[in-house]
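These are my notebook entries on one protein chain. I looked up its core, its salt bridges and its surface patches, in that order.

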Amino acid sequence: EVLYRVGYHTIDALDWSGSAWEKYVVEDPSGHCPEGVTFYELDDERFLDRWRESNGGDGLLFDVIVFNFAVNEAKAAFFAKELLNQEHGRLLAPINTSNDYWLKQTYQVMDGKGDVLWSAGDVGAWSVQFQPDVTQDTCSGVWCAPFNGFQKKQ
């Protein structure tokens with residue numbers, strides 16, 4: 001919703017589990033999805049595969065990417081380099097403070113080269129902590145397979 005309100009009207013939204021989308025957008029009578037928003041029930045790695053297939057790896061680049069789960073810095077930089085418009089693209093993600101350490105993150109904004117432009121470890125009095133990246137083998141806890149039903153890409 002925030003991206004739409006600031007002027008981005010072609011939005012690809014994705015989540016490996018479609019349950020929140022189903023509950024709050026499809027089933028909820030007061031749920032609303034603006035025109036131009038497309039939901040994909042995919043994890044980020046499967047979305048990247050689909051994007052490469054449909055764009056030949058040389059197609060439409062994104063102006064903004066927002067991760068709403070914790071990722072390692074290398075993965076965020078990879079997505080920034082692969083998918084962002086190099087001139088003005090930005091990626092916002094909660095980045096693990098140490099590789100595969102899922103208990104604390106820093107917010108980072110990266111450009112299309114994967115360079116960090118801004119970072120914040122705390123927001124006010126709150127530390128940044130998000131659910132872990134379900135695609136990673138080091139993912140642990142109730143958010144991760146086998147507890148949540150996620151099936152890793154083969």
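Entry 1, the nonpolar core. I started with the largest nonpolar core, which has 20 residues. I noted the members that touch the most other members: Ile65, Phe67, Val71, Leu83, Leu91 and Met110. Next I looked up which elements give two or more residues to this core, and I found helix H3 (44-55), helix H4 (73-83) and strand E4 (90-96). Helix H4 supplies the largest share, five residues. I also wrote down that this is a predicted model.

I looked at Arg5 and Glu1 to begin with. Their side chains form a salt bridge, with N and O 2.4 Å apart. Arg5 and Glu1 are both exposed.

Then I turned to Lys75 and Asp44. The side chains of Lys75 and Asp44 form a salt bridge at 2.6 Å, N to O. Lys75 sits in helix H4 and Asp44 in helix H3, so this pair links distant parts of the chain, 31 residues apart. Are these two residues buried or exposed? Lys75 has 12% relative accessibility, so Lys75 counts as buried. Asp44 also counts as buried, because its relative accessibility is 5%. The cut-off I needed here is that buried means under 20% relative accessible area.

My next pair was Asp49 and Lys153. Their closest N and O atoms are 2.8 Å apart, and the two residues form a salt bridge. This pair too links distant parts of the chain: Asp49 belongs to helix H3, Lys153 lies in the segment after E8, and 104 residues separate them. Asp49 is partly exposed because its relative accessibility is 26%. Lys153 has a relative accessible area of 34%, so Lys153 is partly exposed as well.

I wanted to know which residues gather in a patch of negative charge. They are Asp15, Glu22, Glu27 and Glu41. Glu22 counts as partly exposed because its relative accessibility is 37%.

Val2 is in helix H1, residues 2-5. How does Val2 count, buried or exposed? Val2 counts as exposed, because its relative accessibility is 62%.

I ended with Trp143. Where is Trp143 found? Trp143 lies in the segment after strand E8 (126-127). With 42% relative accessibility, Trp143 counts as partly exposed. I also looked up the distance from Trp143 to Pro132. The two residues are eleven apart in sequence, and their C-alpha atoms are 7.0 Å apart in space.

Technical notes:
Residues numbered from 1 in each chain as written. Predicted model: local features only at pLDDT ≥ 70, side-chain atom pairs only at ≥ 80, totals over all residues. Heavy atoms only, no water. Patch = residues over 30% accessible without salt bridge, like charges linked within 9 Å, V, L, I, M, F, W, Y side chains within 5 Å. Areas by Shrake-Rupley, 256 points an atom, 1.4 Å probe, with all protein chains shown as cover. Salt bridge = Lys/Arg side-chain N within 4 Å of Asp/Glu carboxyl O. Lys, Arg positive; Asp, Glu negative; His and termini not counted. Charge placed at Lys NZ, Arg CZ, Asp CG, Glu CD. Buried < 20%, exposed > 50% of the residue type's maximum accessible area, 1.4 Å probe, protein only. Core = buried A, V, L, I, M, F, W, Y, C linked by side-chain atoms within 4.5 Å. Helix = DSSP H or I, 4+ residues; strand = E, 2+ residues; numbered from the N terminus.
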